[in-house]
Amino acid sequence: MEEKITGSDALWRSLIAEGVDTVFGYPGGQIMPVYDRHCDYAAQVRHILVRHEQGAIHAAQGYARIKGEPGVVLVTSGPGATNVVTGIADAMTDSTPVVVITGQVPCAALGTDAFQEADVIGLTAPISKWNYQIRRPEEIAWAVARAFYIARTGRPGPVVLDFTKDAQTGMTEFKYEPCRFIRSYIPDPKPSEQMIEKAVRLLDAAERPFCVFGQGVTISGAEKELAAFLEKGDIPAGSTLLGLSALPSGFPLYRGMIGMHGNVAPNILTNVCDVLVAVGMRFDDRVTGTVSTYARQAKVIHIDIDKSELGKIIRPEVALRGDAKAVLAQLTERMQPKDRIGWTEAHLRCEAVEKEKVINPEVHPGKGLLKMGEVVDRIAEATEGKAIIVTDVGQNQMMAARYSRFTSPRSFLSSGGLGTMGFGLPAAIGAKVADPARPVCLFVGDGGIQMTLQEFGTIMQDGIGVKMVLLNNNWLGNVRQWQELFFKERYSQTRMLNPDYGMIAAAYGIPARSVDGRAGLKEGIREMLSGDGPFLLDVHVEEEGVVMPMIPPGKGIHEIMLSDNEWFS
Amino acid sequence: MENEIKEYTVIIYTENEIGLLSQISNVFTRRSLSIWSMSAGATAHEGVHNITIVTEGTERKVREAAEQIEKRVDVIKVFFYTDDKIVYRELALYKISTDRFLGCNDIEGLLSRHGARIVEMNRKFTVIQKTGYTEETQALYGELEKFEILQFIRSGRIAVSRAVQEPVFKFLEKREKARKQLNK
């Protein structure tokens, strides 16, 4: 007979069996037995102590998205658990594999409103891919195996294990078996032969095919297959926000980002193409604008692993339910090679207009105050497009998305679907932990940085070399932009009086520099990138900068503002 | 017709009822689909539970809800049907005063006209049972009202599809084969 161990030991051994080497967490009463046992596993599993549980889950998300493996979060019951709820919802919308382990009161106290008891299963059910309350130590190995299998397969997502104190302290035999099958769950669907044939026929007959791709390409590791598909068919392509870096920025058929603040060309091409191939994306409203005018002229081929996304927003002519990598390879093999000269030049005029009206004035203003796009561009230049770019939410995010350059996959990290301010700083910590060899540059606004500013403590304690670029304009810039454009310049609660961020950084021992001119920017970037350690570059940018182009809410993707008084035509 | 609002019966097969019921009803709530009736219970297959929900909406909305429900890991399969594609019934129980009931001179005729039967009778009350459509159980209610109905309860709908074989079990057989394949 096997020797018996505590449930807490069983948890650590299960995590190790799943290949976990890092956990982001914060201790508390109902998870103490697990923390106590960690002392014996510290050599195998690094624990990163955050300063607030929200920081733990965003860090785990950042870790997961860069590493392509589940991030693990360990927190206590009650408030510890409720503090990770935002991150769970964020991971759900952005298909991020995260395993969240929450402490829970002993079984006998369940449902009694015990101290630090919260209904974690009820709270997290609608925002997690799966959740389970572990009540007996014998269930631990099974539940952990199942959790990791569900989190990482199919369309990835967050899972929650609510770990009662009795299960942590009870004794159990331990034998770990990874989960490979759940009969009610099919993570690897394959599209039918007829559907593949139908898609190939559409592609072969197309004169103006266009491809839009999302994070599904990255999750599936289909970057090479996507490039081969586009090259063989001579098909131009645009990326969603979360699809960024799946193709290198310089890829000849790459036309830029789609959506509300995307590039002009890929939005226009979407509404003039005859066949639209959508790969691993879900037609978010920030991508489609008004759905009733989105790609109405096109026959749509939609590739996604999640059946419920097929036809949810846009009804496809051909729905291919499957893994992007496998499906793209099949299509590429069977379709005819094409040379679509003419169509592949259709973007040139759009690009020229955008360059003249938007990009050049944003990136090379030459005089006046520093612009956000200019800062992003200079950092892309200095890092030669090799950095992992992390963003917060708002103007900083859109500017980082628009003006960063990418040379390899998994180089862009942002809260897309939920749009969680405060995501950036902890996510950047997770990204750096996942890939310490690459520079990690965070773009964050003066609003968002204060939502998770406490994580400076984590950076200090663990010496995490995150390069933080604060695009500081003394406004909640994105809301201010909407107030300017759509609320008659009534600036309600968007003006912010800021602290001296350099002094805050100094208090945590993080080197910092404040810049407000072009010479200072150049020198600041050089200084920031010169060492391996953390750095805060507080860049004072033009206060009332706006992100353009913009497809205003309620408009179609062909109705593009180039400035507050000029539309693309 | 894409936008035609119809009554749909959503038949859900799950691994384990506990906790899933609220997840399933959440899917309806989030899409403002009302749940007209719900019934839940074990199937003849060990470990497989059935939840049957009657709702009203456009086909598109109901399909979306069905797909979101099927996406839950512990949900095995979801089907949805318009009324013409299923055979369905509800169960109703009527508790009435025995004294007043016995005062009726055509008990037999009343019950047989409605296909109802007495399931319990004591000195204080009598319980009558009837299965059928909502309109039918309601019609009997109307007739029994004169005897003073002490309690009345109607179950949610249960239904079988008009397909010859229950499709969920075909699915489970296929999955069992896949499991064996994997373990080889």
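Biologist: Before we look at packing, what does contact mean here?
Modeller: This model is predicted. Two parts touch when their atoms come close enough. Contact means heavy atoms within 4.5 Å.

Biologist: Why do the buried residues of helix 14 of chain A line one face?
Modeller: The buried residues are A:Ala324, A:Val327, A:Leu328, A:Leu331 and A:Thr332. An α-helix has 3.6 residues a turn, so residues three or four places apart point the same way. Seen down the axis of helix 14 of chain A, the buried residues line one face because they fall within an arc of 130°.

Biologist: How much area do chain B and chain A bury between them?
Modeller: Chain B gives 25 residues to the contact, and chain A gives 25 residues. Carbon and sulfur atoms hold 43% of the buried area. The total is about 2200 Å².

Biologist: Which residue of chain A meets B:Lys71 in a salt bridge?
Modeller: Four salt bridges cross the interface of chain B and chain A. In one of them, the side chain of B:Lys71 comes to 2.7 Å, N to O. Its partner is A:Asp306.

Biologist: How many residues on the side of chain B that touches chain A are charged?
Modeller: Helix 2 (59–71) of chain B is one of the elements that give two or more residues to this side. Eight residues there are nonpolar and four are polar. The charged ones number 13.

Conventions
Residues numbered from 1 in each chain as written. Chains lettered and ligands numbered in written order. Predicted model: local features only at pLDDT ≥ 70, side-chain atom pairs only at ≥ 80, totals over all residues. Heavy atoms only, no water. Buried area = accessible area lost by both parts, 1.4 Å probe. Helix = DSSP H or I, 4+ residues; strand = E, 2+ residues; numbered from the N terminus. Nonpolar A, V, L, I, M, F, W, Y, C, P; charged D, E, K, R; others polar. Buried < 20%, exposed > 50% of the residue type's maximum accessible area, 1.4 Å probe, protein only. Arc of directions from axis to C-beta.
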